[in-house]
Amino acid sequence: MSTAAMNMNAQLEHLQSKHVGTGHADTNKFEWAVNQHRDTYASVIGHNTLIAYSAVAENESIGRKKFEMIEKMLQPCGLPVPRDD
Amino acid sequence: MFLYNVTLQQTTGINQAVIGNFAGTKQQEILVARNSVLELLQPDPSTGKVHSLLTHNVFGIIRSVVPFRLTGSSKDYIVVGSDSGRIVILEYNPAKNTFDRVHEETYGKSGCRRIVPGQYLAADPKGRAVMIGAIEKQKLVYILNRDASTRLTISSPLEAHKSHTLVHDLIGVDVGFENPVFACIEVDYSDVDQDPTGEAFQNAEKVLTYYELDLGLNHVVRKWSDPIDPRSNKLIPVPGGVDGPSGVLVCSENYITWRHQDYPSVRVPIPRRPDPLLSSPSANGEDMEMGRGVIIVSSVMHKLKKGFFILAQTEDGDVFKITMDYTAGADGVIGGIQNLKIKYFDTIPVATNMCLLKTGFLFVASEFANHYLYQIENLGDDDEAQMEYQSAELPQGDDADEVIVYFNPRGLRNLAIVDELESISPLIDAKVLNLAEDDSPQIYALCGRGARSSFRILRHGLEVSEMAVSELPGNPNAVWTVKANAQEEFDSFIIVSFVDATLVLSIGETVEEVTDTGFLNSTPTLTVAQLGEDALVQVYPRGIRHIRADRRVSEWKAPGNKTIVRAACNRKQVVIALSGGEVVYFELDSHGQLNEFQDRKEMAAPITALSIGPIPEGRQRSGFLAVGCEDNTVRILSLDPDNCLQSLGMQAVSYMPVSLALVEMSDTGTATGTLYLNIGLQSGLLLRTTVDSITGALSDTRFRFLGSRPVKLFKVQIQGSPAVLALSSRPWLSFTYQSRTKLIPLSAPMLEYGSSFCSEQCPEGIVAIESNNLHIFTVEKLSTVFNHSIIPLKYTPRRFIYHQPSGNFVIIESEHNTWCPSDKVKRIAEKADQMDEGEEYEELPPEQFGLPRAEAGKWASCIRILNSMTSETAHLLELDNNEAAFSITTCIFHGQKGEAFLIVGTAADVTLSPKTCSSGFLHTYRFVDGGNALELLHKTPIDDVPYALCAFQGRLLVGMGKILRIYDLGKKKLLRKCENKQFPNNILTLHTQGDRIVVGDVQESVHFASYRHFDNRIVIFADDTTPRWITATTMVDYDTVAGGDKFGNIFIDRLPAETSEEVDEDPTGNKLVYEKGYLQGAPHKVEHAADFFIGESPTSVTKTVIVPGGREIIVYTTLLGTIGCLIPFQSKEDVEFFQQLEMHMRNKFPPLCGRDHLAYRSYYIPVRNVIDGDLCEQFNLLPNEVKRQIAEDMDRTVSELSKKVEDVRNRAAF
């Protein structure tokens, strides 16, 4: 492999480790969805208006909604699909 | 089109509240974050009223706030975690009343992201470091210290990252003066993501981790990590060092556990509320229906002189007091704890944060609805009725059995409400209507949640609290209050003037008439004042009566053919105007003698108003006299002995001035205020002109229309500073609030005359005349510009309509997670079978305890008719069988003789996720009994939840899921006439004009559709290119729609004129149908006319006029309780001016918490054609030299700029 490509790979790896959720060539649908869901939950918890919105809609306390959402971030899209390789 | 966004009322919800000595004095303040606004509140320890000291919009989303105090210091700093990707440390500056930014350190990207810190913030209790964390992975520690000149220093960040880890909570552990330790609840997901069998997920561990900051090595280490209950959600710090056993309380579902490194854990259960609707545990523990566990959502720790206690609140609002037993070893080192005790304290609204003040007050920032200040009357130790549960008596250890314990709910015992801060969050729907026929319309709003929800009528105006009303004999003309001498703290007399007499009342325990005061009773009075040390003066048409302390009276008689028409005085000076336009000036000399100045001043026209300035601190006299004349002029005369009664300045006004008030307002933020001349005109205008305190020159005049009657002005005191009461067809108050002058109407009837009033019971009141009544009232809540009338509701309100013919509101309320009446009856019956004889089902009062919680997918709902005049419920219709109402409209069907029917869209067995229902229904009601009752005509089953209803050309439009249908009225049910199934997700809003239908979709913005009569079809012809998650829309005109989305954007979309024409002028109509779609949607696209981020989900958008004679503007309300408006600009020059000003403000005054203003307003969609008025109004907060600089750059003067900023708001809004 040429140095340029190696360099490129190293940079990519650095990005992937620094920014959680950065995709790579083998990202599958499940990983993509999981990242998206975790990002969404984090954003909803961070915006006061969004967490209040779902708390009012579901008639739960904001504290409970935050708790449940972080709980869901553990496995937001069900069991992972086995990788082919 | 350009719009100007201004906030009429800031967010009323609170998302963070912390306590500290921010001013550096002994008194504690409460800092609250209201989404993007920081506000400093101060509870008054004597009265218990909460005052707002400072509010500041930071143009960023505040997510976490902690107070922070360096060791040995007495002042708290404020650390703020926001969405700016920066940690900001603020200091409150009590002298200037501002927040000063001490440090601002960038660590990451902006936005509320998963791995960018800002969500959690924890300070070391000894003030050495702070940790800022994200929900996932990243945690940073900043070491704080002070340098040689005792300034706060901040280190570069130390990383404590752990990837693939979610964080539930983060706190600083009190370890005394050992290395700072931070504790957090972590969950590692790396295995869960890799394991398709689900085993890893089942076994995923939640751990409590200690991060230690090694101050010697300048390094953070993961010190200790131990598994805890997998349903843990919150940490509460326990005092350490010499104050307590240190460690943390880990709150999990149903349990609270004390944990600390090297010590065994100690656990107590959280006592539960006995739920009468769940079957009770049977003796052998089988068939137990437990319901859901409870979690702790907020807590507060309080140290006493000896020991400490913790108050923890569950999600139901029950507060528990937690105490612990521990022993100190021989060396004074405190070991582990022996006993953890928990006892029910009281039940209060669910709080986001609780703050306990040293003075014994508990501030509760509620998640929803009003915030409260409670007085702790009792610590609950002697409450024998409640069980105290102790860990020593309960099983401990990892495999201990589940324990369930109960408490007895009861009314408040230990807490008493002292003050209440109105909050309209969550505001679910609102309408702007003028039903009371006031000058400006009212806002009718649906607020709150569950049993604490309400229907509120918001009227623009300050709330007045009436202290007393007394009837007088005859109609008085004027009223004054005076002190008997200068030393008195309170007013001694109320003097009331009638057409031909004067009444003197003395103020004491009661108010009664006195006759021996030396005042002349047989004549009307022009003015009364306290003079010098201990004298009084009464000016009446025929003369001046100077009453000395020993009741000696000296009189000055008006010259034979003239009478006194106007008079003005202060403590040293008296000025009178004689008929014919002559001014006579008197001054008190050092012997207490009132001497006439040798010259008199002849004015050109009869004098209509007089006012004398206040005496500046340390001076003998006021230097200025203002004189208003019939020739529409107002002059400033000098009272300086050197050039006495010489004219210094003149202002021509448009109508006759009827009243003047020279007042010094402290609006500069410094000790010396600005001298203002307020001029009330015959036409109802109020002018405010700045008077130069040296030369007396007049400059910078501001206008404001107050009402249809001549404006009378009176000097009063509000919160210790001078203010002006302006009476026209409506009373107004001009005062300074947080060093800004404000002019706001009072929510009081029309008044004739007013004066300040000060007594022991009412230290800062106003006494005023209204026809033949004397009113004494106070104005306390200066921060809320809207006055609320509150009508409590039963369930969370959803939608409402106004039924014009009867003047009634019809409100639909539906509550998730609650038993419907039939289920409730069934459950009570089941329970009754189990219960012993004599026991009875008792429901807890829902106002305090909320409604009993059911399970997801259970609904209670009702339809209510509310009389708008009497605010009474005329009719309440409870829905049953798990049916919930979601939409409501009135509809006049074809051929029904113009009768309006009420249609309510409901659905049964609705689950929110996934969105399903067993059946939707359209209830058709007929208004009976003059609109005060409903009669069910029929019920039409449909297949989906009807979220939107709208009357359309004598038929009914129904939006249900993806389907838009037209129904007509039938005998047995509504009849389906036409439908379109092409909408993307879920129709939420519907509006029509002509044949055009505007549909708002839950995710896909607005769609323009057209109804074609000849082939009875609905065709979508235009949609939006931006996916907006619509929450509210309105049609601004035939082609334009304004709306808001869930993420906090406000937008205006417009159909291009040519498209609009093309669609309407298509004779065959076939073009519309066969036209090819564009970008996988409708053939045409709407243009974006304006986009703006407001930070909170808008819940209603209305086009309306809110000030008399004002322009049409767009008023919006948001979920968290902001009321704001968008004002269209009328000229290009204004747009350019404000664009320039906004740009300067962005550069010169960047937002406090480090968020870039332009980036914030372009959060989701780049800001377009909207100028941020809230930022422009911060111009007044700038230091003077920066103001001058900006003004210079814009080729204008400072006063021109601030006038323009004030004008654009006042012309269209308030």
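This text describes a helix pair in chain A and then the interface of chain A with chain B.

The model is predicted: local features need pLDDT of at least 70, side-chain atom pairs count only at pLDDT 80 or more, and totals for chains, interfaces and linings use all residues. Residues are numbered from 1 along each chain as its sequence is written.

Within chain A, helix H3 (residues 48-58) and helix H4 (residues 62-74) pack with their axes 9 Å apart and at an angle of about 105°; helices are DSSP runs of H or I with at least four residues, and strands are runs of E with at least two. Axes are lines fitted to C-alpha atoms over the stretch in contact, and angles run from 0 to 180 degrees between N-to-C directions. H3(A) and H4(A) are therefore roughly perpendicular to each other, a class that spans 65 to 115 degrees. From H3(A), A:Ile51, A:Ala52, A:Ser54, A:Ala55 and A:Glu58 meet A:Ile62, A:Lys65, A:Lys66 and A:Met69 of H4(A), where contact means heavy atoms within 4.5 Å.

Between the chains, 66 residues of chain B are in contact with 39 residues of chain A. The buried area is about 4200 Å², and carbon and sulfur atoms give 59% of it; this is the accessible area (1.4 Å probe) that two parts lose on being put together, summed over both. On the chain B side, B:Arg114, B:Pro196 and B:Arg449 lose the most area to chain A, together 15% of what that side buries.

Nine salt bridges are counted between chain B and chain A, each a side-chain nitrogen of Lys or Arg within 4 Å of a carboxyl oxygen of Asp or Glu. One joins B:Glu253 to A:Arg64, with the closest N and O atoms 2.9 Å apart.

Key
Chains lettered and ligands numbered in written order. Heavy atoms only, no water. Parallel < 35°, antiparallel > 145°, perpendicular 65-115°, else oblique.
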